[in-house]
Amino acid sequence: MVNINICEQFVLFDTAKLLKEAGFAVPCFNQYTERGTIWHCDCPENFNKSQCATSCPTQALAARWLREVHHINVYACFDYEKFEERKWFFTREHTMVNDDSAVYCSITNYNSYEEALEAGLKHGLELIKK
């Protein structure tokens, strides 16, 4: 039997800081403190307005924001060639660019969907910084 966690995966602290730098301003129920501890709040808020806190969105919300605001589509894919090893990778597409740089597939394999998606989010956020 597979153990399934019904909770959404939050972005890691370093990814949350990249989101803050990129202008992520979507209200969230969770925040990271300066030390990287997650705090849950009863009302969603844009914690990125604060010097002392950073918004802590789910990976799905961060991916949606990248897609809708910056036209960068990030998703995790299962590597069927390495089926026995259960490996994942990510793909990033920039939907407003029409050249070879528009699509990128990672050559690194990850152990889970969440690890691959997190790496894809970081990769997409690095594009915004350039």
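Predicted model: local features only at pLDDT ≥ 70, side-chain atom pairs only at ≥ 80, totals over all residues.

Residues are numbered from 1 along each chain as its sequence is written, and side-chain values use heavy atoms, leaving out hydrogens and water.

Start with the open sheet of three strands ordered E2-E1-E3, whose pairing is antiparallel. Strands here are DSSP runs of E with at least two residues, helices are runs of H or I with at least four, and both are numbered from the N terminus; two strands pair if DSSP finds at least two bridges between them. Strands E2 (38-45) and E3 (53-55) stand at the edges with a single partner strand each, so one side of each has no neighbour in the sheet. Between E1 (residues 28-33) and E3 there are three bridges, and Gln-31 stands opposite Ser-55 in E3. Helix H1 (residues 13-21) packs on this sheet, touching E1 and E3, and its direction makes about 85 degrees with that of E3. Contact means heavy atoms within 4.5 Å; axes are lines fitted to C-alpha atoms, for helices over the stretch in contact, with angles from 0 to 180 degrees between N-to-C directions.

Now turn to the other open sheet, E4-E5-E6, again antiparallel. E4 and E5 pair over seven bridges, with Phe-78 opposite Trp-88 in E5. Helix H2 (residues 59-70) packs on this sheet, touching E4 and E5, at about 140 degrees to the direction of E4.
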